[in-house]
Amino acid sequence: MAGDMTMQREGEQALLASLRELIEEAGHGGAARQLGIDRKTLWRALDSGRLTPRVRQALERRVDNPEAARRRSRVDALDRRTAMLDKDVEALAEAVEALREEFGRLADLQAEALRAWERRLSAVESRLAAGTAQSFAPHRDYPEVVTLRAEGGEELVYGEAAPVIAEWRRQRIAHLDEGARRVEQARALMRMLELELVLVSGHELTLPPSTYPWDESRRQNELRRRKFSLVAARWELAQALFWRWVRLALTLGRWRR
């Protein structure tokens, strides 16, 4: 009789050890799910060090059918990975919201730049109307070809496109600046391409490195190429902004620690 009691206690201790291993592997919630019991029942068994018949039967079934236990363990692992993915999705949603705000600021800057061009154009027209402009139009074999360098009096050649060309040159220099940050370079490239679409489509100008005016077929090809490049540039800017946000978040995390 005493031997039977000893064997029963040893068997219960073995099952308790198996239960603790399961908890260490799958957590309390995962262990409860795999055994088909609730957490309170699991906690009572751990606190008392005694197994209720229901918990004992569940553990014995697990010992008797290790393949089913492994399947349940894999399901729990998948559940944990899903929970981690959900957290990643939430973090990505926050990043997208930050990008949306940044794009809103970019739109405001672009609107302000357009108003500045309009003011400069109005000033040029006023000087010409008043007869106070002292410069002469530079000689150009092909006035519709844009040059990389500015020349005095070129506003007489380019007319309304002159402020746009001036801004395009600045954005080109900013994009090619190797010392600039990735975000600034990407932003300058995107803006430069937007201005090129205006110059090529709206003002029918030819851009460097071409030195001879484009015909209509070439113009349409150049427009398509720039539209495609603009999509890629916007994606590059979005990536640059995202990684800048990630670096900021990581840096802030280290500072908080």
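Residues are numbered from 1 along each chain as its sequence is written. Local features of the predicted model require pLDDT of at least 70, side-chain atom pairs require pLDDT 80 or more, totals for chains, interfaces and linings use all residues, and side-chain values rest on heavy atoms, without hydrogens and water.

The chain contains 8 helices and 0 strands, where helices (H or I, at least four residues) and strands (E, at least two) are DSSP runs numbered from the N terminus. Of its 257 residues, 33% are buried, that is, under 20% relative accessible area with a 1.4 Å probe, protein chains only. The accessible surface (Shrake-Rupley method, 1.4 Å probe) amounts to about 17100 Å², and carbon and sulfur atoms contribute 56% of this area. Among contacts (heavy atoms within 4.5 Å) with a separation of 6 or more, 57% join residues 24 or more positions apart.

Glu154 is located in the loop between helix 4 (66–130) and helix 5 (155–158). This residue counts as buried because its relative accessibility is 7%. Beyond its neighbours within four places in sequence, Glu154 contacts Pro138, Arg140, Thr147, Arg149 and Arg169.

Helix 6 comprises 15 residues (residues 162–176). Its expected span, defined as 1.5 Å times one less than its number of residues, is 21 Å, in agreement with the 21 Å between its end C-alpha atoms. Buried residues in helix 6 are Ala162, Pro163, Val164, Ile165, Glu167, Trp168, Arg169 and Gln171; of these, Arg169 is also a contact of Glu154.

How values were computed. Buried means under 20% relative accessible area, exposed over 50%, partly exposed in between (1.4 Å probe, protein chains only).
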